[in-house]
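Please keep the sequence and the model in view while reading.

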Amino acid sequence: MGTPCTGTASWPNCSMSTCWATPPTLDSDLSQGIQAVQGLALCTLSTMGSAEMCRDLATEVEKLLLERSPYLRKKAVLTAVHMIRKVPELSDTFLPVCAKLLHERHHGVLLGTITLITELCERSPAALKHFRKVVPQLVQILRTLVSTTGYSAEHSISGVSDPFLQVQILRLLRILGRNHEESSESMNDLLAQVATNTDTSRNAGSAVLFETVLTIVDIRSAAGLRVLAVNILGRFLLNSDKNIRYVALTSLLRLVQSDHSAVQRHRPTVVECLREPDASLSRRALELSLALVNSSNVRAMTQELQGFLETCPLDLRADCASGILLAAERFAPTKRWHIDTILRVLTMAGTHVRDDAVANLTQLIGGAQELHAYSVRRLYSALAQDISQQPLVQVAAWCIGEYGDLLLEGSCEETEPLQVEEEEVLALLERVLQSHMSLPATRGYALTALMKLSTRLRGDNNRIRQVVSIYGSCLDVELQQRAVEYNTLFRKYDHMRAAILEKMPLVERGGPQADEEVKESQEATRLLEPAPVPTEPQASKLLDLLDLLDGPSEDSQQPAPVDPSAEGTLIHLLDLPCAPLAPAPIPNLKVFEREGLQLNLSFVRPPGTPTLLVITVTATNASEGDVTHFICQAAVPKSFQLQLQAPSGDTVPAQGGLPVTQVLRVLNPNKAPLRLKLRLTYNHYGQSVQEVFEVNNLPVETWQ
């Protein structure tokens, strides 16, 4: 056996003062006929051997794999596993002998051989192709185990025949059958037999059954077999063991994209898991419940999720509220139901909703003209009961300011009779302004609502003017500026107040990105059209030049071709300052990449607004699994103003599918260097991921 290393400095990785074996010593120990010495040498090589030692002694280990002693063969197989992990290029050395070892009847040798083949297939495409030929043999071994004949009973656990060997074979079959039709076909019947004959009353049977489910899901199995796998996971949800229920929820979350209808059958059981006291179980159940929402069950699922929102822990409220809002936006059957759902979420968990919830709801109400009276009455009642939920207060103040006249007109057919006096409305908004819970932005909404009510109410405006004048000396600069402007409107431009404060026009939920694309296409069409020859007199041309100083009009045309005369040349020179060259495009920027998910930023600075930067966030997914519940949030320094538009979706499809885009509008009045802080929240491969990072390397063109 090995002796303390002396004079071994010439061998790599042997600079330690307590190196217990030199390669020549290990070589001689491996070739001795004493099993104990050979076993210790194999253990030393597997635990302490370097990559160079593994390369030199691979041949000796290969010889020991064919020894008559099961003890040595088992030790040699385990050593080969460690050698492959350290030096993957040694896989060709062990390929031939592995096929012979599959005929072993000894439990330890066969289990080690299956583990060795698994390591080889994971690290070598050639080995994977080679061992697909032995799939029928592996199927026969597993079938023998399932029938509980042919192997010793000493390795059975709780009535399950050799569960460790069954699990290892199932893992190997999963690797061999992945993306291979012929191998998958040959193991379908066996997997169905294992799935139906395994006892799940003990953990050993549950472990075998779970590996069977994973194998069915990963290979190209038959449709009926996949439904059977989902049903097994559904039975796991009824198990008393929390770990088994957690594993089932995680696995169903992976399957919900590919086998949505099969997972949908277990929706009541999944909803029951929301009430689990264990935080990890309730979080997984919440993610799966949100993934199961579709157009046919959105009403029932939303009701269940809202019930969970009332009692869920604080750390789950943000995810639950955001999930309900996204599901309602995607599958809302009617606009009224959509508005009611958002209002209920804002009432229960307003402080936990996403930043764009206020903008989305105001846009939704503004675009539903038939629901203006209903919405303002619902919001007024909610605001009168609770002014602590800031997003709810902001939406209510906006709606009261826009449609306050509808609030005072009388009863609405869709709501209970509600008699409201002008003084009550004004008192409620003043209460919001004076509340210590109101944020500066909320006070801004309330002050603007009071100002708009000055044109909607029929009474005297003296009370509104007094309130507005008070905030002319407010410490908050934004609120002070707004109050000063409103006071000026009362004093100097009272004849224009009604026109300035008229109702907002109906908003179409097309998004700014669609508008920009329409404008770009119109500009491209105008550029391709030939410029008409001018026939107007010189005075008219001069007026057109003066109009250009005020900004281009939509029906403006391209300048005429250069007139060779001196008069035409002069007019053309006058045109030059009014037709500046298009700015150079701002280069795109990749800001995030992880496990196939990539985030890119593209930038546009509208020519008419140099302080505005439009950022388009594009998320793409090159991995094999969908990225679900994708949420991108952004923050900027206080000197900037940020507006987040709603994203195009919350699922980034796998393998380069349709990307998810979201538009950020950043106003930079001081033209200061821009810094962005992004927070990404999503689910990938059944795992919840949250990333927070700062982007401080934006191109100079974005702010200069």
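How much space lies in the largest cavity? The model is a predicted one, in which local features need pLDDT of at least 70, side-chain atom pairs count only at pLDDT 80 or more, and totals for chains, interfaces and linings use all residues. Residues are numbered from 1 along each chain as its sequence is written, and side-chain values use heavy atoms, with hydrogens and water left out.

The largest cavity holds about 140 Å³ of space. A cavity is here a set of points, on a 1 Å grid over the protein atoms alone, where a 1.4 Å probe fits but cannot get out; lining residues have an atom within 4 Å of a point. Grid points are joined across faces, edges and corners, and a volume is the space filled by probe spheres set on the points. The count comes to 4 cavities of 30 Å³ or more. Lining the largest cavity are 13 residues, with Leu325, Glu329, Ile342, Ala357 and Asn360 closest to its centre. Two or more lining residues come from each of helix H18 (314-331), helix H19 (335-349) and helix H20 (357-367), and H20 gives the largest share, 4 residues. Helices (H or I, at least four residues) and strands (E, at least two) are DSSP runs, numbered from the N terminus. By class, this lining has 7 nonpolar, 2 polar and 4 charged residues; Ala, Val, Leu, Ile, Met, Phe, Trp, Tyr, Cys and Pro count as nonpolar, Asp, Glu, Lys and Arg as charged, and the others, Gly among them, as polar.

The second largest cavity has a volume of about 50 Å³. Among the residues that line this cavity are Arg605, Pro610, Val666, Lys671 and Trp703, and the lining divides into 5 nonpolar, 3 polar and 2 charged residues.

Open spaces are treated separately. A pocket is an open set of grid points with protein on both sides within 12 Å along at least five of seven lines. The second largest pocket has a volume of about 640 Å³. Of the 24 residues that line this pocket, Arg254, Ser258, Glu624, Gly625 and Tyr685 lie nearest its centre. Helix H11 (203-218), helix H13 (242-255), S4 and S7 each supply at least two lining residues, and H13 gives the most, with 3 residues. The lining comprises 7 nonpolar, 10 polar and 7 charged residues.

Strand S4 (residues 627-635) also contains Thr628. Is Thr628 buried or exposed? Thr628 counts as buried, at 12% relative accessibility; buried means under 20% relative accessible area, exposed over 50%, and partly exposed in between (1.4 Å probe, protein chains only). Leaving aside neighbours within four places in sequence, Thr628 is in contact (heavy atoms within 4.5 Å) with Gln257, Asp650, Thr651, Tyr682 and Asn683.

The packing of the interior comes next. In soluble globular proteins, nonpolar side chains tend to be buried together. A nonpolar core is a set of buried Ala, Val, Leu, Ile, Met, Phe, Trp, Tyr and Cys residues joined through side-chain atoms within 4.5 Å. The largest such core has 167 residues, and Phe94, Phe131, Leu142, Leu288, Leu309 and Ile365 have the most contacts inside it. H22 contributes the largest share of this core, 11 residues. Beyond residues up to four places away in sequence, Leu288 touches Leu249, Leu252, Leu253, Val256, Val263 and Val270. A second, separate core of 31 residues includes Ile586, Phe592, Phe630 and Leu698.

Charged pairs complete the picture. A salt bridge is a side-chain nitrogen of Lys or Arg within 4 Å of a carboxyl oxygen of Asp or Glu, and the whole structure has 34 of them. One of them joins Glu104 and Arg73, with the closest N and O atoms 2.7 Å apart. Glu104 lies in the loop between helix H5 (91-101) and helix H6 (107-123), and Arg73 in helix H4 (residues 70-86), so that the pair links distant parts of the chain, 31 residues apart. Both Glu104 and Arg73 are buried.

Glu402 and Lys452 meet in another salt bridge (2.1 Å, N to O). Because Glu402 lies in helix H22 (residues 390-408) and Lys452 in helix H24 (residues 440-456), the pair ties together parts 50 residues apart in sequence. Glu402 and Lys452 are both buried.
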